[in-house]
Amino acid sequence: MEKDLSVSEEVHQEETKTSANKQKLAVKLLTYVLMFSFFVTLATSAYILYSDYLQGANELNQSISQIEAGYQESISYSLWNFDSQQIKTQLAGILNFPGVLNVYIETKEGLLHSAGDFQQGGSQKYAFDLFFTSAERQYPLGVLNINLDYQGLYETLLYKAFNILATQFVKTFSVSLFILFIFQRLVHIGC
(Lines give C-alpha, C1' and ligand atoms only; values in the text may rest on other atoms or scores of the structure.)
Protein backbone atom coordinates (compact mmCIF):
# COMPACT_ATOMS: atom_id res chain seq x y z
CA MET A 1 0.00 0.00 0.00
CA GLU A 2 2.89 2.32 0.76
CA LYS A 3 4.33 1.69 -2.71
CA ASP A 4 1.01 2.67 -4.30
CA LEU A 5 0.91 5.83 -2.24
CA SER A 6 4.46 6.79 -3.12
CA VAL A 7 3.87 6.13 -6.85
CA SER A 8 0.74 8.26 -6.61
CA GLU A 9 2.73 11.03 -4.93
CA GLU A 10 5.41 10.81 -7.63
CA VAL A 11 2.78 11.06 -10.36
CA HIS A 12 1.20 14.02 -8.58
CA GLN A 13 4.60 15.71 -8.23
CA GLU A 14 5.33 15.06 -11.91
CA GLU A 15 1.98 16.58 -12.91
CA THR A 16 2.70 19.59 -10.69
CA LYS A 17 6.12 20.05 -12.34
CA THR A 18 4.58 19.73 -15.80
CA SER A 19 1.87 22.23 -14.89
CA ALA A 20 4.47 24.67 -13.50
CA ASN A 21 6.59 24.27 -16.65
CA LYS A 22 3.52 24.96 -18.81
CA GLN A 23 2.80 28.12 -16.84
CA LYS A 24 6.40 29.30 -17.15
CA LEU A 25 6.33 28.59 -20.87
CA ALA A 26 3.01 30.45 -21.21
CA VAL A 27 4.38 33.47 -19.32
CA LYS A 28 7.52 33.47 -21.51
CA LEU A 29 5.40 33.24 -24.66
CA LEU A 30 3.19 36.09 -23.52
CA THR A 31 6.24 38.19 -22.59
CA TYR A 32 7.91 37.64 -25.97
CA VAL A 33 4.73 38.40 -27.90
CA LEU A 34 4.15 41.59 -25.89
CA MET A 35 7.77 42.75 -26.26
CA PHE A 36 7.83 42.09 -30.00
CA SER A 37 4.47 43.81 -30.47
CA PHE A 38 5.65 46.75 -28.37
CA PHE A 39 8.71 47.32 -30.56
CA VAL A 40 6.75 46.90 -33.80
CA THR A 41 4.12 49.33 -32.49
CA LEU A 42 6.77 51.89 -31.53
CA ALA A 43 8.49 51.62 -34.92
CA THR A 44 5.28 51.93 -36.95
CA SER A 45 3.93 54.70 -34.72
CA ALA A 46 7.16 56.66 -35.05
CA TYR A 47 7.01 56.31 -38.83
CA ILE A 48 3.36 57.43 -38.97
CA LEU A 49 3.98 60.40 -36.67
CA TYR A 50 7.10 61.46 -38.56
CA SER A 51 5.21 61.26 -41.87
CA ASP A 52 2.38 63.34 -40.40
CA TYR A 53 4.88 65.87 -39.07
CA LEU A 54 6.48 66.21 -42.51
CA GLN A 55 3.05 66.58 -44.09
CA GLY A 56 2.01 69.24 -41.54
CA ALA A 57 5.28 71.14 -41.94
CA ASN A 58 4.88 70.96 -45.72
CA GLU A 59 1.36 72.40 -45.46
CA LEU A 60 2.69 75.29 -43.38
CA ASN A 61 5.43 75.91 -45.94
CA GLN A 62 2.82 75.86 -48.71
CA SER A 63 0.85 78.45 -46.76
CA ILE A 64 3.92 80.69 -46.68
CA SER A 65 4.40 80.21 -50.42
CA GLN A 66 0.74 81.12 -51.03
CA ILE A 67 1.05 84.19 -48.83
CA GLU A 68 4.16 85.32 -50.70
CA ALA A 69 2.55 84.73 -54.10
CA GLY A 70 -0.85 86.16 -53.22
CA TYR A 71 -0.16 88.96 -50.76
CA GLN A 72 3.31 90.37 -51.31
CA GLU A 73 2.40 92.35 -54.41
CA SER A 74 -1.06 93.43 -53.23
CA ILE A 75 0.25 94.64 -49.85
CA SER A 76 3.01 96.52 -51.65
CA TYR A 77 0.41 98.18 -53.85
CA SER A 78 -1.71 99.10 -50.80
CA LEU A 79 1.34 100.54 -49.03
CA TRP A 80 2.24 102.58 -52.09
CA ASN A 81 -1.30 104.00 -52.19
CA PHE A 82 -1.48 104.58 -48.39
CA ASP A 83 -4.60 102.36 -48.17
CA SER A 84 -4.54 101.48 -44.47
CA GLN A 85 -7.96 99.81 -44.47
CA GLN A 86 -6.95 97.48 -47.31
CA ILE A 87 -3.69 96.64 -45.49
CA LYS A 88 -5.63 95.73 -42.33
CA THR A 89 -7.91 93.49 -44.39
CA GLN A 90 -4.94 91.83 -46.07
CA LEU A 91 -3.15 91.20 -42.77
CA ALA A 92 -6.37 89.73 -41.34
CA GLY A 93 -6.53 87.46 -44.39
CA ILE A 94 -3.00 86.25 -43.74
CA LEU A 95 -3.98 85.36 -40.16
CA ASN A 96 -6.52 82.87 -41.57
CA PHE A 97 -3.74 80.65 -42.91
CA PRO A 98 -2.97 77.62 -40.73
CA GLY A 99 -0.26 78.19 -38.15
CA VAL A 100 0.05 81.98 -38.64
CA LEU A 101 0.41 83.52 -35.19
CA ASN A 102 1.00 87.15 -36.13
CA VAL A 103 1.94 89.35 -39.05
CA TYR A 104 3.40 92.83 -39.19
CA ILE A 105 4.92 95.33 -41.59
CA GLU A 106 8.12 97.13 -40.66
CA THR A 107 9.66 100.07 -42.42
CA LYS A 108 12.86 102.00 -41.77
CA GLU A 109 10.89 104.11 -39.31
CA GLY A 110 9.61 101.09 -37.35
CA LEU A 111 6.39 99.10 -37.04
CA LEU A 112 3.76 100.31 -39.49
CA HIS A 113 0.89 97.77 -39.32
CA SER A 114 0.33 94.57 -37.33
CA ALA A 115 -2.26 91.89 -36.66
CA GLY A 116 -2.45 88.72 -34.60
CA ASP A 117 -1.28 87.42 -31.24
CA PHE A 118 1.99 88.95 -30.09
CA GLN A 119 1.86 87.48 -26.55
CA GLN A 120 3.21 84.12 -27.74
CA GLY A 121 6.51 83.64 -29.48
CA GLY A 122 6.35 82.04 -32.88
CA SER A 123 8.21 78.86 -33.81
CA GLN A 124 9.48 80.20 -37.12
CA LYS A 125 9.69 83.64 -38.70
CA TYR A 126 9.45 84.53 -42.38
CA ALA A 127 10.12 87.91 -43.95
CA PHE A 128 9.31 89.23 -47.43
CA ASP A 129 10.54 92.49 -48.89
CA LEU A 130 7.80 94.82 -50.01
CA PHE A 131 8.52 97.09 -52.94
CA PHE A 132 6.68 98.95 -55.65
CA THR A 133 7.85 98.74 -59.25
CA SER A 134 7.21 101.66 -61.57
CA ALA A 135 8.90 102.39 -64.89
CA GLU A 136 11.25 99.47 -64.28
CA ARG A 137 12.44 100.97 -61.04
CA GLN A 138 11.83 99.41 -57.60
CA TYR A 139 10.96 101.46 -54.55
CA PRO A 140 11.52 99.65 -51.23
CA LEU A 141 8.52 100.02 -48.93
CA GLY A 142 9.27 97.77 -45.98
CA VAL A 143 9.26 94.16 -44.86
CA LEU A 144 6.30 91.83 -44.29
CA ASN A 145 7.07 89.62 -41.27
CA ILE A 146 5.11 86.46 -40.50
CA ASN A 147 5.48 84.34 -37.37
CA LEU A 148 4.31 80.75 -37.58
CA ASP A 149 3.39 78.64 -34.60
CA TYR A 150 3.90 74.89 -34.80
CA GLN A 151 2.07 74.33 -31.49
CA GLY A 152 -1.16 73.26 -33.24
CA LEU A 153 0.78 70.72 -35.29
CA TYR A 154 2.53 69.39 -32.18
CA GLU A 155 -0.75 69.08 -30.27
CA THR A 156 -2.35 67.19 -33.16
CA LEU A 157 0.63 64.82 -33.32
CA LEU A 158 0.58 64.27 -29.54
CA TYR A 159 -3.14 63.45 -29.63
CA LYS A 160 -2.59 61.09 -32.55
CA ALA A 161 0.36 59.40 -30.79
CA PHE A 162 -1.77 58.81 -27.70
CA ASN A 163 -4.59 57.31 -29.79
CA ILE A 164 -2.24 55.08 -31.77
CA LEU A 165 -0.44 53.79 -28.68
CA ALA A 166 -3.67 53.22 -26.73
CA THR A 167 -5.40 51.33 -29.54
CA GLN A 168 -2.27 49.32 -30.34
CA PHE A 169 -1.87 48.39 -26.67
CA VAL A 170 -5.46 47.15 -26.46
CA LYS A 171 -5.09 45.23 -29.72
CA THR A 172 -1.74 43.72 -28.78
CA PHE A 173 -2.83 42.77 -25.29
CA SER A 174 -6.05 41.17 -26.60
CA VAL A 175 -4.20 39.19 -29.27
CA SER A 176 -1.58 38.11 -26.72
CA LEU A 177 -4.24 36.86 -24.32
CA PHE A 178 -5.91 34.99 -27.17
CA ILE A 179 -2.58 33.39 -28.16
CA LEU A 180 -2.00 32.43 -24.53
CA PHE A 181 -5.49 30.90 -24.32
CA ILE A 182 -4.94 28.90 -27.53
CA PHE A 183 -1.50 27.82 -26.34
CA GLN A 184 -2.85 26.57 -23.01
CA ARG A 185 -5.68 24.72 -24.74
CA LEU A 186 -3.32 23.04 -27.20
CA VAL A 187 -0.81 22.07 -24.51
CA HIS A 188 -3.59 20.84 -22.22
CA ILE A 189 -5.12 18.75 -25.03
CA GLY A 190 -1.69 17.47 -26.03
CA CYS A 191 -1.01 16.02 -22.56
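User: What makes the largest nonpolar core of this predicted model a core, and which residues have the most contacts inside it?

Analyst: In this predicted model, the largest nonpolar core has 29 residues, and those with the most contacts inside it are I67, I75, L91, I94, I105, L144 and I146. The set is called a nonpolar core because its members are buried nonpolar residues joined through side-chain atoms within 4.5 Å. At least two residues of this core come from each of α1, α2 (84-95), β1 (100-107), β3 (124-134), β4 (137-148) and α3 (151-190), and α1 gives the most, with eight residues.

User: Which residues does I146 touch, leaving aside those up to four places away in sequence?

Analyst: With residues up to four places away not counted, I146 touches I64, I67, I94, V100, N102, V103, Q124, K125, Y126 and F128.

User: What makes β1 and β2 a pair of strands?

Analyst: β1 and strand β2 (residues 110-116) share six bridges in the antiparallel sense, and because at least two are needed, the two strands count as paired. One of the linked positions is I105, whose bridge partner in β2 is H113, and the hairpin formed by β1 and β2 has two residues between the strands.

User: Why is Y32 called exposed?

Analyst: Y32, which lies in helix α1, has a relative accessibility of 54%, and the cut-off for exposed is over 50%, so Y32 counts as exposed. Y32 also belongs to a nonpolar patch on the surface, formed together with M35, F38, F39, L42 and L165, with about 620 Å² of accessible area together. The largest share of that patch, five residues, comes from helix α1 (residues 2-80).

User: How many residues of the protein chain count as buried, as a percentage, and in what order do the elements run?

Analyst: Of the 191 residues of the protein chain, 28% count as buried, a label that applies under 20% relative accessible area. The chain has three helices and four strands, which run α-α-β-β-β-β-α from the N terminus on.

Terms used
Residues are numbered from 1 along each chain as its sequence is written. This is a predicted model: local features need pLDDT of at least 70, side-chain atom pairs count only at pLDDT 80 or more; totals for chains, interfaces and linings use all residues. Side-chain values use heavy atoms; hydrogens and water are left out. Patches are made of residues with over 30% relative accessible area and no salt bridge: like charges are joined within 9 Å, nonpolar side chains (Val, Leu, Ile, Met, Phe, Trp, Tyr) within 5 Å. Accessible areas come from the Shrake-Rupley method with a 1.4 Å probe; for residues, only the protein chains shown count as cover. A salt bridge is a side-chain nitrogen of Lys or Arg within 4 Å of a carboxyl oxygen of Asp or Glu. Buried means under 20% relative accessible area, exposed over 50%, partly exposed in between (1.4 Å probe, protein chains only). Contact means heavy atoms within 4.5 Å.
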